[in-house]
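Keep the 3D view open as you read.

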Amino acid sequence: MKYDRQIDILFLDIKMKDMNGMETARKLRERKFRGFLIFITVLKEMVFQSFEVQAYDYLVKPVEEKHFEKTMERLYVSMQNASEASLLVQKGYESRIISLEDIIFCEIIDRKIYLNLVSSEVIDYYDRIEHLETKLVGRFFRCHRSYLINLKHLKSYKNGIAYMEGGKEIPVSRLRSREFSGVVLQYMKNI
């Protein structure tokens, strides 16, 4: 089971060919899938097992329209609340929600922003780093004109280099080094 895009909402049936929906959900959670799982099935007796995989809802077939609408309305509110700690990235016709905790650092090269994630994935899209910086205020620090780092993933700092989780070394400009030390101390106090 391999997927190369982030999935926000996944609808599963319990009865599926090869692997059933509950097994699929378990494997997804083991692989750190953080999206919303909704079961749609005829099997009422599996509802309690759905809690084990943090299912968002469990709808029994035939699904009544009003039940489905209620689920989707609640889901919309949940996703809005989750988006406060996330970033919406739009690239062409595709939109993705990226958790801020998953971003180790952001780099800009020729008007293109590269989000370097904990998963080692790099997501690129067009935006201005100043615009991104205003969205990430508080958790991130612009240590260089081309870099924003997530303070949560900072491992150490020495001689103008920020050592990040995953082994990446990010330069800290001389003009920002004094402010950087202060920001790191303030961040450590607030954790």
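E121 sits in the loop that joins strand 7 (112–117) to strand 8 (122–126); helices (H or I, at least four residues) and strands (E, at least two) are DSSP runs, numbered from the N terminus. With a relative accessibility of 27%, E121 is partly exposed, on a scale where buried means under 20% relative accessible area, exposed over 50%, and partly exposed in between (1.4 Å probe, protein chains only). Leaving aside residues up to four places away in sequence, E121 touches R96, L115 and N116, where a contact means heavy atoms within 4.5 Å. I103 is 18 residues from E121 in sequence, and their C-alpha atoms are 9.7 Å apart in space.

A word on the ground rules: this is a predicted model, in which local features need pLDDT of at least 70 and side-chain atom pairs count only at pLDDT 80 or more, while totals for chains, interfaces and linings use all residues. Residues are numbered from 1 along each chain as its sequence is written, and side-chain values use heavy atoms, with hydrogens and water left out.

Now for the charges. The structure holds 12 salt bridges, each being a side-chain nitrogen of Lys or Arg within 4 Å of a carboxyl oxygen of Asp or Glu.

K91 is partly exposed, with a relative accessible area of 44%.

What do the side chains of D57 and R74 form where they meet? They make a salt bridge, at 2.8 Å from N to O. D57 lies in strand 3 (residues 57–60) and R74 in helix 2 (residues 65–83), so the pair ties together parts that are 17 residues apart in sequence. D57 is buried, with a relative accessible area of 18%, whereas R74 is partly exposed at 40%.

To finish, look for R128, E130, E133 and R142, which are linked in a network of salt bridges.
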